Amino acid sequence: MVDTPQEIKEKRFGRVIPILLVLFGLIALGLVFRWGRPVKPVARLEWEGLQYLSPPDLLAYLGADSESPNIGEWKDWEKKLSNHPRIHKVRITRDPDGYLLIHIEEKVAEFVIHVGSSLYEVDESLEILSRDQVLNTHLIVVSGPFSVGEQKLEGRQIFDITKEMRYALSLYPALATRISELVAERDGNYTMYLKSPKPMKVFLGDKLELNVFRKLYASLAYMEAESIKAVSIDLRGEDAVYH
């Protein structure tokens, strides 16, 4: 007697159910074995996601001894680390094997702002991530008589400068590795200092706009193509002048 298609499906389904029950049973048994066993005391820390911060830095922020931290107080650490100016998100989980997994997502520093005698790492919103403790040494420095608030840089000038710099560097990313510092002078002019292909001073004039960065990019390309040796570039006129 030949089985009908419906009978074949029912037989196959009947064979699959025991297999699924066995798999679910094994998974449940594994979970019971892992989470039902006694939890070991926390004996070590494991860090994830750190880019510029280091475990000693964070333990010092927590007020813990970096050599032998009091791990028994770890339940308060997540809340404390969430208030760190350089940390965007933090998640701490305890593993039954006796260690803490601390996952950190750091905020991204965009520029170093030089005001007076202090250096401030700031993010895209000009929020201060550090003061006189620059960890990302590859950032462009922006110097000038800017206003520093309690938690961020304030004022229209620094906002416009960083906005224009951000846009220009998105169009000419090669400049990001060449520019060392941009200075907003008190007389309203802007001066730029390059670190590559060699140290050089650039006079930009009193307007910081995309056309200035376009001229700078073209001038550097021309210098390299023609092997021009200069210590400064004047971009204040229609044409670049090399000195």
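Predicted model: local features only at pLDDT ≥ 70, side-chain atom pairs only at ≥ 80, totals over all residues.
Three strands make it up, and it is open, with the order E1-E3-E2. The pairing within this sheet is mixed. Strand E1 covers 44–48 and strand E2 covers 87–95, and both stand at the edges. Each of these two has a single partner strand, so one side of E1 and one side of E2 are left without a neighbour in the sheet. On average, neighbouring strands here are turned by 20 degrees against each other, with direction ignored.

Now to one of the pairings in that sheet. E3 runs over residues 99–106, and E1 pairs with E3 in the parallel sense. Five bridges connect the two strands. If you want a place to look on screen, take Glu46, which stands opposite Leu101 in E3.

Next, the aromatic rings. How many aromatic pairs does the structure hold? There are two, and I'll show one of them. Tyr172 and Tyr217 form a tilted pair, with 5.0 Å from centre to centre and 35 degrees between the planes.

Where do these two residues lie? Tyr172 is in the loop between helix H4, 156–171, and strand E10, 179–184. Tyr217 belongs to helix H5, residues 210–226. The pair therefore ties together parts that are 45 residues apart in sequence.

Last, is each tyrosine of this pair buried or partly exposed? Tyr172 has a relative accessible area of 14%, which is under the 20% limit, so Tyr172 counts as buried. Tyr217, at 39%, is partly exposed.

How values were computed. Residues numbered from 1 in each chain as written. Heavy atoms only, no water. Pairing = 2+ DSSP bridges. Helix = DSSP H or I, 4+ residues; strand = E, 2+ residues; numbered from the N terminus. Axes fitted to C-alpha atoms, helices over the stretch in contact; angles between N-to-C directions. Phe/Tyr/Trp six-rings, centres within 6.5 Å; stacked < 30°, edge-to-face > 60°. Buried < 20%, exposed > 50% of the residue type's maximum accessible area, 1.4 Å probe, protein only.
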